Amino acid sequence: MPQLQKGDKKLLNAWAFYDWANSVYSLVIASAIFPIFYNALFKIRGNNYVDVFGYHFKDTAMITFVTALAFLIVAFISPILSGIADYVGNKKAFLRFFCYMGGISCIGLYWFNVENFFISYTVYLFGLIGFWASLVFYNSYLPDIAFPEQQDKVSARGFSMGYIGSTILLIINLAMVMLVPDEKKMEMMRYSFLMVGVWWIGFSHVTYYYLPKGVSTGHKVTKAVILDGFKELRLVWKDVKKNIILKRYLASYFVFIMAVQTVMLVATYFGAEEIAWETESQETTGLIISILLIQLVAVVGAFFTSRASGKFGNINVLIFLNAFWAALCCFAYFVETPNEFYATAGFVGLVMGGIQSLARSTYSKFLPDTTDTASYFSFYDVTEKVAIVIGMSVYGIIDQVTGSMRNSIVFLGIFFVIGLVLLLRVPNKKS
């Protein structure tokens with residue numbers, strides 16, 4: 001395959017296609033089928049607490065803490081791996097490795113059970129690590145394959161392709177679950193985990209075929225190179241401190257992405273526990289329909305956000321999105337009925353894809369001229385992961401202590417307000 005030039009349409013589409021491949025994890029596993037499956041396991045068990053290492057955890061708090069641990073691990077290893085990737089010039093190999101780790105872990109979730117929670121949670125942990133670590137290298141390709149004027153549209157295209165692809169698989173999984181007798185539903189959910197792993201690994205090869213390998217230095221990896229990842233982060237931080245726009249933007253991003261990702265990771269668990277569903281069948285159907293609604297609306301939201309950023313500027317649009325998110329959190333605290341939950345899901349979808357896509361492309365635009373994009377995006381990803389660790393930990397602690405996820409939603413709105421205030425301090429250049 002000949003090397004495609006930066007900005008080439010095939011190259012841009014191939015990069016965006018990885019969103020099609022991997023987004024089935026974030027939808028089916030992280031957001032839809034697995035949370036429903038997890039909640040049903042504890043209902044069948046008749047006890048929503050689990051003992052791990054001698055500690056007594058509420059089921060939703062436990063999965064929140066496992067998720068936070070995964071992000072903590074990714075935050076630690078990503079600077080090491082990105083430093084190595086830059087040094088040996090093979091980001092694609094790292095992208096492929098973590099893709100396989102995540103895909104195989106999804107397949108392993110077929111055997112998730114209440115008899116051996118330690119192994120089950122470990123498999124879930126590796127799936128999270130595979131998904132999020134692969135994104136470190138995926139995101140770092142954006143400035144390598146697209147020119148600044150292309151990045152907003154290409155980033156939005158990636159998210160849109162992800163929503164469409166993952167929605168197709170979720171519809172298939174929904175049919176599998178809903179068209180069988182109740183005693184077969186859990187088994188169909190397990191089969192959906194297998195399908196996610198196969199889909200993710202299979203479609204990712206389209207991306208691998210076109211993406212460049214990287215720029216090789218011709219050197220071998222040594223201990224010093226491994227530690228260079230952290231040195232690179234320090235160098236990036238020194239440069240960030242000199243760049244007032246990037247510095248203030250990252251401060252605001254740290255706060256608002258903490259809330260965005262926490263909402264996305266706990267939304268279905270919240271719906272399963274806090275909403276007054278009439279029957280278990282209505283609960284399963286309602287939760288999956290809510291997630292589908294979010295995905296479909298998110299495609300439209302990402303498109304209009306991209307258009308709005310071109311007219312009003314990236315920062316102004318991000319300020320509006322943070323205000324909208326804060327209002328949604330206030331409303332969500334009082335949501336009790338299925339119809340109210342559907343309405344909230346629709347509004348979440350409208351701003352979910354847009355804020356993620358615009359946040360990524362805004363950061364890419366604010367970067368200085370450099371060939372060391374992996375280190376800069378490693379810094380970006382570490383910022384995100386540390387934020388998620390804090391967000392999920394606080395959410396889990398409130399859930400564990402108070403016994404209600406509804407109380408945890410209050411702090412999310414506060415973080416969106418803080419993020420909005422910090423965005424107001426970013427010098428407002430129309431991006």
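How many residues stand between β1 and β2 in their hairpin, and which residue in the turn has a positive phi? Two residues lie between these strands, and F53 in the turn has a positive phi of about 55°. The model is predicted: local features need pLDDT of at least 70, side-chain atom pairs count only at pLDDT 80 or more, and totals for chains, interfaces and linings use all residues. Residues are numbered from 1 along each chain as its sequence is written, and side-chain values use heavy atoms, with hydrogens and water left out.

Strand β1 (residues 49-52) and strand β2 (residues 55-58) run antiparallel and are joined by four bridges; two strands pair if DSSP finds at least two bridges between them. Within this pairing, D51 stands opposite H56 in β2. Helices (H or I, at least four residues) and strands (E, at least two) are DSSP runs, numbered from the N terminus.

Consider next the helices. Helix α1 (residues 9-29) packs with helix α2 (residues 33-45) at an angle of about 30°, and their axes are 5 Å apart. Axes are lines fitted to C-alpha atoms, for helices over the stretch in contact, and angles run from 0 to 180 degrees between N-to-C directions. L27, V28 and I29 of α1 and I33, F34 and P35 of α2 make the contact (heavy atoms within 4.5 Å).

Helix α2 also packs with helix α5 (residues 117-140), at an angle of about 170° and with the axes 14 Å apart. Because of that angle, α2 is roughly antiparallel to α5, a term for angles over 145 degrees. Here F34, Y38, F42 and R45 in α2 meet F117, Y121 and Y124 in α5.

Not counting residues up to four places away in sequence, F34 touches V28, I29, I63, L109, F112, Y124, F193 and Y269.

Finally, Q356 lies in helix α13 (residues 338-366). Q356 has a relative accessible area of 12% and is therefore buried (under 20%, with a 1.4 Å probe and protein chains only). Leaving aside neighbours within four places in sequence, Q356 is in contact with F159, Y163, V260, Q261 and M264.

Methods:
Parallel < 35°, antiparallel > 145°, perpendicular 65-115°, else oblique. Buried < 20%, exposed > 50% of the residue type's maximum accessible area, 1.4 Å probe, protein only.
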